[in-house]
Amino acid sequence: MSGQPDSPQTEPRSYALEGLRGLQSEVPRLTQAMVLCRARVERHRNTDLAAARDDYNDLQNTRQRLAEALGEAQLLLMEAEEYQLAANAGQLKEGLLGFNLLSNTYRPVYDALNGFAAQLPVDGTTNARVVGRLMNNIKLGYYPTDPDNISLILRGIQFPEGVTTNLLDPCCGCGKALRQIAEGNNCFTYGVELDNARADEAQTRLHRVGFGSFFFSQVSREAFHLLFLNPPYLSVLNESGGRARHEKRFLIESLGALAMGGLLVYVIPYYRLTPDICRVLADNFENLGLWRFTDAEFKKFKQVAVLGTRKKRDDVPQDTQWLEWFAAHPGSIPCLTELPEGRYPLPARPLEVKTFRGEKFNEKELERQLSHSDSFQRMMARSELDSGVKRPPLPLSISQIGLIGGSGMINGLIECATPHVIKGRIVKVIRNEMEEQFDHKGRHVCTELHETITNKMIFNILTPNGFKALT
């Protein structure tokens, strides 16, 4: 399991158990609705055929919703490791779908479905026992993918010759899994990690690491040859009470980064092969294959690897029944040891990742981006006028010499036939002039004082023969 956990909880509440809590009331409600629909069909069948047909359609729709609820219960019970109840849910679903809706023997069906709902593990000591088991299966929302099974997945991947491939892990944890895939295969690795400590460690293994949530990061579209996706599972309810299951959200929001023809490696528990996830996989990927992890890992975390090559989304929805079937029959899933060598070739064309920014500011990533940009160097570069011999294109006027000297541009040691030290400075000079004013008859009227302020340039020169001052 990779590293983007849900918010910490004071009292962990399992997503699976909350789902079962809702189904404990939903199953009896739908069962009662079926009985009422059947009664309306019977009431109208001899008096109003149109109404009877409508009632029968309602009856069929209610049965379908009830079957879907039983299917959902089966997967949640598998997650809670209540395997006998999960098997019962599957049997009830099959029996319900084969049940004659016009039968008059609804009582056994009604009792069986309500009895099943009453057994769901949502109250008392059963609830506490299942919660403890679920929470023991996770370590703060993070569990790195087993390296032995990564090696088996690697065997099924064919890397192109002479092409640097881009690999992306949207929840990379410490970066170990992606580093193992890239090792020795001419790859450039990109990861995003929510936890700062793990992201820091990932930077020691991967080429580029974005800090923060992948959902708020900026990543180029269709720029990656391989998408390794092992999202958090066994999620708990978040602080707002919302259900935080990320397997589907990560799949939907990250698949746009994968190039057409690129390979998805999707690691999830088998019971998360829900109809909606299977629909996304079937519509967007071809050459889909499903393999379970080796026995020890599969027993612990129930993980499977779904591999497929991205294709353009089909206008006609693809069949998903074959993939959904494996969620209810995990014993039929082939092991990763049976994955054919080189089954999935990566695209043999170079791809450019123009944009890769995490949600949070990352000094090392900023440093990397600046090192590949000449804008910063151009900004900090010294002008040609700041170095080398400076020769004016035309002789300088006296005012220009004054400006240059006063600014200190010609201060210091002057190397010539008679070396000397020069220091220029500007001083203010105040000049007062008296002007007598007379009227038209020649009589003295007043005396006007005119003050003139001017700047005077002084060069102090130290020569071997002594000090001189030039103005």
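Trainee: At roughly what angle do the axes of helix H3 (residues 83–97) and helix H4 (residues 107–118) cross?

Mentor: The model under discussion is a predicted one. In this model the axes of H3 and H4 come within 11 Å. Their crossing angle is roughly 155 degrees.

Trainee: Are H3 and H4 roughly parallel or roughly antiparallel?

Mentor: Angles over 145 degrees count as roughly antiparallel, and the axes of H3 and H4 cross at roughly 155 degrees. The relation of H3 to H4 is therefore roughly antiparallel.

Trainee: Which residues make the contact of H3 with H4, and how many of them are nonpolar?

Mentor: H3 contributes Leu85, Asn88, Ala89, Leu92 and Leu96, while H4 contributes Val109, Ala112, Leu113 and Phe116. By class, the contact has 1 polar and no charged residues, and the number of nonpolar residues is 8.

Trainee: Are helix H9 (residues 247–254) and helix H10 (residues 275–284) roughly parallel or roughly antiparallel?

Mentor: The axes of H9 and H10 come within 10 Å and cross at roughly 20 degrees. Angles under 35 degrees count as roughly parallel. H9 and H10 are therefore roughly parallel.

Trainee: What is the handedness of the crossing of H9 and H10, and how many charged residues does their contact have?

Mentor: The crossing of H9 and H10 is left-handed. On the H9 side, the residues are Glu247, Lys248, Leu251 and Ile252, and they meet Asp276, Ile277, Val280 and Leu281 in H10. This contact has 5 nonpolar and no polar residues, and the number of charged residues is 3.

Trainee: Why is H10 described as largely enclosed by the rest of the structure?

Mentor: In H10, the buried residues are Ile277, Cys278, Val280, Leu281, Ala282, Asp283 and Asn284. H10 is largely enclosed because the buried share of its residues is 7 of the 10.

Trainee: Which elements do the buried residues of H10 pack against?

Mentor: Helix H9 is one of these elements, and Ile277, Val280 and Leu281 of H10 are among the residues in the contact with H9.

Trainee: Which residue of strand E7 (residues 258–269) stands opposite Leu227?

Mentor: E6 is joined in parallel to strand E2 (residues 165–169) by 2 bridges, and there Leu227 is the bridge partner of Leu168. E6 also pairs with E7 in the parallel sense, over 5 bridges. In E7, the residue opposite Leu227 is Leu264.

Trainee: Which residue in strand E3 (residues 187–193) is the bridge partner of Asn166?

Mentor: In E3, 6 of the 7 residues are buried, so this strand is largely enclosed by the rest of the structure. E2 and E3 pair in the parallel sense over 5 bridges. In E3, the bridge partner of Asn166 is Phe188.

Trainee: What is the phi of Asn186, and is this residue buried or partly exposed?

Mentor: Most residues other than glycine have a negative phi. Asn186 is not a glycine, yet its phi is positive, near 55 degrees. It is found in the loop between helix H7 (176–182) and E3. With a relative accessibility of 42%, Asn186 counts as partly exposed.

Trainee: Where is Glu222 found, and what is its relative accessibility?

Mentor: Glu222 also is not a glycine, and its phi is positive at about 50 degrees. It is found in the loop between strand E5 (218–219) and E6. Glu222 counts as partly exposed because its relative accessibility is 37%.

Trainee: Which strands are the edge strands of the open sheet of 4 strands?

Mentor: The order of this sheet is E12-E13-E14-E15, with antiparallel pairing, and its twist averages 40 degrees from one strand to the next. An edge strand pairs on one side only, and the edge strands are strand E12 (412–414) and strand E15 (466–470).

Trainee: Which residue in strand E14 (residues 444–463) stands opposite Val427?

Mentor: Strand E13 (residues 420–438) pairs with E14 in the antiparallel sense, over 18 bridges. In E14, the residue opposite Val427 is Lys456.

Terms used: Residues are numbered from 1 along each chain as its sequence is written. This is a predicted model: local features need pLDDT of at least 70, side-chain atom pairs count only at pLDDT 80 or more; totals for chains, interfaces and linings use all residues. Side-chain values use heavy atoms; hydrogens and water are left out. Two strands pair if DSSP finds at least two bridges between them. Axes are lines fitted to C-alpha atoms, for helices over the stretch in contact, and angles run from 0 to 180 degrees between N-to-C directions. Angles under 35 degrees count as roughly parallel, over 145 as roughly antiparallel, 65 to 115 as roughly perpendicular and the rest as oblique. A crossing is left-handed if the near helix is turned anticlockwise from the far one by less than a right angle, and right-handed if clockwise. Contact means heavy atoms within 4.5 Å. Ala, Val, Leu, Ile, Met, Phe, Trp, Tyr, Cys and Pro count as nonpolar, Asp, Glu, Lys and Arg as charged, and the others, Gly among them, as polar. Buried means under 20% relative accessible area, exposed over 50%, partly exposed in between (1.4 Å probe, protein chains only).
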